[in-house]
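Subject: Structure for your review

Hello,

Here is the structure I said I would pass on. My notes follow below it.

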Amino acid sequence: MGKFHLIDHPLIQHKVTILRDKNTGTKDFREAVNEIARLMAYEVSRDMPLQDVEIETPLIKTIQKQLAGKKVAIIPILRAGLGMVDGILDLIPAAKVGHVGMYRDHETLEAVEYFIKLPSDIKDRQLLVVDPMLATGVSAITAIDALKKRGASSIKFVCIVAAPEGVEALKEAHPDVDIYTAALDEKLDENSYILPGLGDAGDRLFGTL
(Lines give C-alpha, C1' and ligand atoms only; values in the text may rest on other atoms or scores of the structure.)
Protein backbone atom coordinates (compact mmCIF):
# COMPACT_ATOMS: atom_id res chain seq x y z
CA MET A 1 0.00 0.00 0.00
CA GLY A 2 1.19 3.50 -0.81
CA LYS A 3 1.81 5.95 2.01
CA PHE A 4 1.08 9.65 2.41
CA HIS A 5 4.09 11.78 3.39
CA LEU A 6 3.80 15.40 4.52
CA ILE A 7 7.30 16.90 4.35
CA ASP A 8 6.94 19.92 6.61
CA HIS A 9 10.57 20.81 7.29
CA PRO A 10 10.91 24.48 8.42
CA LEU A 11 12.95 25.44 5.34
CA ILE A 12 10.27 23.96 3.10
CA GLN A 13 7.44 25.70 4.99
CA HIS A 14 9.28 29.02 4.64
CA LYS A 15 9.67 28.57 0.88
CA VAL A 16 6.05 27.45 0.42
CA THR A 17 4.98 30.73 2.03
CA ILE A 18 7.02 32.57 -0.63
CA LEU A 19 5.11 30.63 -3.31
CA ARG A 20 1.75 31.48 -1.79
CA ASP A 21 2.42 35.26 -1.67
CA LYS A 22 0.72 36.92 -4.64
CA ASN A 23 3.51 39.52 -4.70
CA THR A 24 6.19 36.92 -5.45
CA GLY A 25 7.38 37.47 -9.03
CA THR A 26 8.21 34.85 -11.66
CA LYS A 27 11.96 34.71 -10.93
CA ASP A 28 11.53 34.21 -7.18
CA PHE A 29 8.61 31.81 -7.66
CA ARG A 30 10.65 29.67 -10.05
CA GLU A 31 13.64 29.64 -7.69
CA ALA A 32 11.47 28.67 -4.71
CA VAL A 33 9.84 25.77 -6.61
CA ASN A 34 13.30 24.54 -7.60
CA GLU A 35 14.60 24.79 -4.02
CA ILE A 36 11.56 23.03 -2.55
CA ALA A 37 11.90 20.20 -5.09
CA ARG A 38 15.56 19.79 -4.13
CA LEU A 39 14.74 19.64 -0.42
CA MET A 40 11.86 17.23 -1.00
CA ALA A 41 14.09 14.94 -3.09
CA TYR A 42 16.18 14.33 0.03
CA GLU A 43 13.15 12.80 1.78
CA VAL A 44 11.66 11.13 -1.30
CA SER A 45 14.94 9.23 -1.75
CA ARG A 46 15.21 8.22 1.92
CA ASP A 47 14.21 4.59 1.28
CA MET A 48 16.56 4.02 -1.64
CA PRO A 49 18.27 0.64 -1.13
CA LEU A 50 21.99 0.39 -0.38
CA GLN A 51 24.55 -2.32 -0.99
CA ASP A 52 27.98 -3.04 0.46
CA VAL A 53 31.00 -2.24 -1.66
CA GLU A 54 34.68 -2.64 -0.92
CA ILE A 55 36.81 0.45 -1.47
CA GLU A 56 40.26 1.56 -0.45
CA THR A 57 40.75 4.77 1.51
CA PRO A 58 44.18 6.40 1.65
CA LEU A 59 44.72 4.23 4.75
CA ILE A 60 42.95 0.86 4.47
CA LYS A 61 40.49 -1.30 2.58
CA THR A 62 36.95 -0.96 3.94
CA ILE A 63 33.37 -2.05 3.28
CA GLN A 64 31.07 0.94 2.74
CA LYS A 65 27.59 1.65 1.32
CA GLN A 66 26.52 2.73 -2.14
CA LEU A 67 23.16 3.03 -3.87
CA ALA A 68 21.69 -0.17 -5.26
CA GLY A 69 18.45 -1.26 -6.84
CA LYS A 70 16.30 0.55 -9.39
CA LYS A 71 17.54 3.66 -11.14
CA VAL A 72 15.33 6.76 -11.11
CA ALA A 73 13.32 8.57 -13.77
CA ILE A 74 11.65 11.93 -13.16
CA ILE A 75 8.34 12.38 -14.97
CA PRO A 76 7.01 15.96 -14.86
CA ILE A 77 3.38 16.52 -15.76
CA LEU A 78 3.56 19.38 -18.28
CA ARG A 79 3.85 22.15 -17.95
CA ALA A 80 4.11 23.12 -14.29
CA GLY A 81 5.94 19.89 -13.38
CA LEU A 82 8.94 21.15 -15.35
CA GLY A 83 9.66 23.59 -12.54
CA MET A 84 10.52 20.73 -10.16
CA VAL A 85 12.86 18.74 -12.40
CA ASP A 86 16.14 20.61 -11.98
CA GLY A 87 15.90 20.64 -8.20
CA ILE A 88 15.57 16.85 -8.09
CA LEU A 89 18.32 16.41 -10.69
CA ASP A 90 20.65 18.40 -8.43
CA LEU A 91 20.36 15.53 -5.94
CA ILE A 92 19.95 12.61 -8.38
CA PRO A 93 21.93 13.75 -11.44
CA ALA A 94 21.91 10.35 -13.16
CA ALA A 95 18.11 10.22 -13.32
CA LYS A 96 16.44 10.10 -16.72
CA VAL A 97 13.59 12.49 -17.49
CA GLY A 98 10.34 11.68 -19.29
CA HIS A 99 7.40 13.98 -19.99
CA VAL A 100 3.63 13.59 -19.77
CA GLY A 101 1.53 16.39 -21.22
CA MET A 102 -1.84 16.92 -19.55
CA TYR A 103 -4.28 19.79 -19.50
CA ARG A 104 -7.51 20.15 -17.58
CA ASP A 105 -10.64 20.75 -19.61
CA HIS A 106 -12.18 23.59 -17.64
CA GLU A 107 -15.71 22.58 -18.63
CA THR A 108 -15.58 18.85 -17.90
CA LEU A 109 -12.66 19.08 -15.39
CA GLU A 110 -11.26 15.95 -17.07
CA ALA A 111 -7.56 15.59 -17.82
CA VAL A 112 -6.65 15.33 -21.49
CA GLU A 113 -3.36 13.67 -22.48
CA TYR A 114 -1.69 15.45 -25.40
CA PHE A 115 1.97 14.33 -25.20
CA ILE A 116 3.97 11.49 -23.71
CA LYS A 117 7.69 10.75 -24.13
CA LEU A 118 9.38 8.33 -21.73
CA PRO A 119 12.67 6.50 -21.23
CA SER A 120 12.49 3.07 -22.88
CA ASP A 121 13.22 1.27 -19.59
CA ILE A 122 10.57 2.80 -17.31
CA LYS A 123 9.46 -0.66 -16.15
CA ASP A 124 12.90 -1.05 -14.54
CA ARG A 125 13.01 2.39 -12.91
CA GLN A 126 11.67 4.10 -9.81
CA LEU A 127 9.47 6.84 -11.28
CA LEU A 128 8.99 10.19 -9.57
CA VAL A 129 5.91 11.82 -11.10
CA VAL A 130 6.09 15.53 -10.28
CA ASP A 131 3.56 18.35 -10.41
CA PRO A 132 3.47 21.33 -8.02
CA MET A 133 -0.28 20.99 -7.43
CA LEU A 134 -2.51 18.03 -6.53
CA ALA A 135 -6.02 19.52 -6.76
CA THR A 136 -8.77 17.16 -7.94
CA GLY A 137 -6.20 14.45 -8.63
CA VAL A 138 -7.48 13.90 -12.16
CA SER A 139 -4.23 14.88 -13.93
CA ALA A 140 -2.10 12.80 -11.57
CA ILE A 141 -4.39 9.77 -11.90
CA THR A 142 -4.49 10.03 -15.69
CA ALA A 143 -0.70 10.44 -15.91
CA ILE A 144 -0.10 7.42 -13.67
CA ASP A 145 -2.65 5.42 -15.69
CA ALA A 146 -0.60 6.23 -18.80
CA LEU A 147 2.65 5.15 -17.13
CA LYS A 148 1.21 1.87 -15.85
CA LYS A 149 -0.16 1.08 -19.32
CA ARG A 150 3.42 1.36 -20.56
CA GLY A 151 4.80 -1.05 -17.96
CA ALA A 152 5.70 1.17 -14.99
CA SER A 153 5.22 -0.49 -11.62
CA SER A 154 7.27 1.55 -9.11
CA ILE A 155 5.83 5.06 -8.88
CA LYS A 156 5.93 7.93 -6.37
CA PHE A 157 3.94 11.13 -6.79
CA VAL A 158 5.63 14.33 -5.60
CA CYS A 159 3.84 17.68 -5.31
CA ILE A 160 4.25 20.89 -3.33
CA VAL A 161 0.64 21.71 -2.40
CA ALA A 162 -2.17 19.16 -2.15
CA ALA A 163 -5.90 19.35 -1.47
CA PRO A 164 -7.45 16.61 0.70
CA GLU A 165 -9.84 15.75 -2.14
CA GLY A 166 -6.95 15.12 -4.53
CA VAL A 167 -5.05 13.01 -2.03
CA GLU A 168 -8.08 10.78 -1.45
CA ALA A 169 -8.84 10.46 -5.17
CA LEU A 170 -5.24 9.49 -5.97
CA LYS A 171 -5.12 7.00 -3.08
CA GLU A 172 -8.33 5.37 -4.28
CA ALA A 173 -7.26 5.18 -7.94
CA HIS A 174 -3.66 4.11 -7.27
CA PRO A 175 -3.35 2.68 -3.75
CA ASP A 176 0.18 1.43 -4.50
CA VAL A 177 1.59 4.93 -5.15
CA ASP A 178 3.33 6.86 -2.36
CA ILE A 179 2.30 10.53 -2.20
CA TYR A 180 4.72 13.24 -1.05
CA THR A 181 3.66 16.85 -0.49
CA ALA A 182 5.09 19.91 1.22
CA ALA A 183 1.65 21.22 2.26
CA LEU A 184 -1.82 19.76 2.76
CA ASP A 185 -4.26 22.61 2.23
CA GLU A 186 -7.82 23.14 3.40
CA LYS A 187 -10.04 22.28 0.43
CA LEU A 188 -10.96 22.92 -3.19
CA ASP A 189 -13.18 25.85 -4.13
CA GLU A 190 -16.16 25.62 -6.49
CA ASN A 191 -13.77 25.94 -9.48
CA SER A 192 -11.52 23.14 -8.19
CA TYR A 193 -8.71 25.51 -7.19
CA ILE A 194 -6.84 24.71 -3.99
CA LEU A 195 -7.48 26.98 -0.99
CA PRO A 196 -5.45 28.76 0.27
CA GLY A 197 -3.25 27.44 -2.55
CA LEU A 198 -0.89 29.55 -4.61
CA GLY A 199 -2.80 30.27 -7.81
CA ASP A 200 -1.95 28.66 -11.14
CA ALA A 201 1.54 27.22 -10.71
CA GLY A 202 2.20 27.00 -14.47
CA ASP A 203 1.28 30.62 -15.07
CA ARG A 204 3.36 31.81 -12.12
CA LEU A 205 6.36 29.69 -13.15
CA PHE A 206 6.42 30.83 -16.75
CA GLY A 207 5.03 34.36 -16.46
CA THR A 208 1.90 33.66 -18.52
CA LEU A 209 -0.60 35.33 -16.20
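Lys15 is buried, at a relative accessible area of 17%, where the cut-off for buried is under 20%. Please keep in mind that this is a predicted model. Glu35 has a relative accessible area of 27% and is partly exposed. Lys15 and Glu35 form a salt bridge, with 2.9 Å between the closest N and O atoms. Because Lys15 sits in helix H1 (residues 10–20) and Glu35 in helix H2, the bridge ties together parts 20 residues apart in sequence.

The whole structure has 13 salt bridges. Another of them joins Asp203 and Arg79, at 2.7 Å from N to O. Asp203 is in helix H6 and Arg79 in the loop between S4 and H3, so this pair links distant parts of the chain, 124 residues apart. Arg79 is partly exposed, at 33% relative accessibility. Asp176 and Lys148 also meet in a salt bridge (2.8 Å, N to O).

On the fold: the chain has six helices and 15 strands. Buried residues account for 45% of its 209 residues.

Helix H3 (residues 82–91) has Gly83, Met84, Val85, Gly87 and Ile88 buried. Their cover includes helix H2 (26–44), strand S4 (71–78) and helix H6 (201–206).

Regards

Key. Residues are numbered from 1 along each chain as its sequence is written. This is a predicted model: local features need pLDDT of at least 70, side-chain atom pairs count only at pLDDT 80 or more; totals for chains, interfaces and linings use all residues. Side-chain values use heavy atoms; hydrogens and water are left out. Buried means under 20% relative accessible area, exposed over 50%, partly exposed in between (1.4 Å probe, protein chains only). Helices (H or I, at least four residues) and strands (E, at least two) are DSSP runs, numbered from the N terminus. Contact means heavy atoms within 4.5 Å. A salt bridge is a side-chain nitrogen of Lys or Arg within 4 Å of a carboxyl oxygen of Asp or Glu.
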